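This report looks at aromatic contacts and at a surface patch. Please keep the sequence and the model at hand while reading.

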Amino acid sequence: MSIQTPRILPSHLQAFHSSSGVNQHVNTVRILGIVSALHGETAVIKCGNHGDVTLLLKSDSHLQMGKLVEVVGKVTELSGGQGLGINVLATTDWDTPSNFDYKTYEQVVEVTHRYKEIFYDA
């Protein structure tokens, strides 16, 4: 069995955090966004009109400002009570943001969450 990595939006972070009790068997998620800030070991991605997500980067992460990236990682609590973020396991560069339709991505996320039994093990 391969690792299941549901696509999420920022509003789904809480549901995939280990303390939620909702998705205990699914710890790893994937999210798409545009790199809007880089600060040493952290980065921020803007996820369409859904807000920002803070990423805790791996030492070998190579993100670039303004680029569209897909992030695979685990939802984690940020230090200092700053809410939830993602501890990065891997990233993939996608197309330039101007060539990407985020609304389509949002619809894919919505469908995969509505019909979980089709996309993920029950």
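Is Trp94 buried, partly exposed or exposed? Trp94 is partly exposed, because its relative accessible area is 33%, where buried means under 20%, exposed over 50% and partly exposed in between, with a 1.4 Å probe and protein chains only.

## Basis of the model

This is a predicted model, in which local features need pLDDT of at least 70 and side-chain atom pairs count only at pLDDT 80 or more, whereas totals for chains, interfaces and linings use all residues. Residues are numbered from 1 along each chain as its sequence is written, and side-chain values use heavy atoms, with hydrogens and water left out.

## Aromatic cluster

Rings of Phe, Tyr and Trp (its six-membered ring) pair if their centres lie within 6.5 Å, and planes under 30 degrees apart count as stacked, over 60 as edge-to-face and the rest as tilted. The count by this rule is three aromatic pairs.

Tyr102 counts as buried, because its relative accessibility is 12%. Ring pairs link Trp94, Phe100, Tyr102 and Tyr105 into a cluster.

## Ile118 and its helix

Ile118 lies in helix α2, residues 116-119, where a helix is a DSSP run (H or I) of at least four residues, numbered from the N terminus. Ile118 counts as exposed because its relative accessibility is 60%.

Methods
Helix = DSSP H or I, 4+ residues; strand = E, 2+ residues; numbered from the N terminus.
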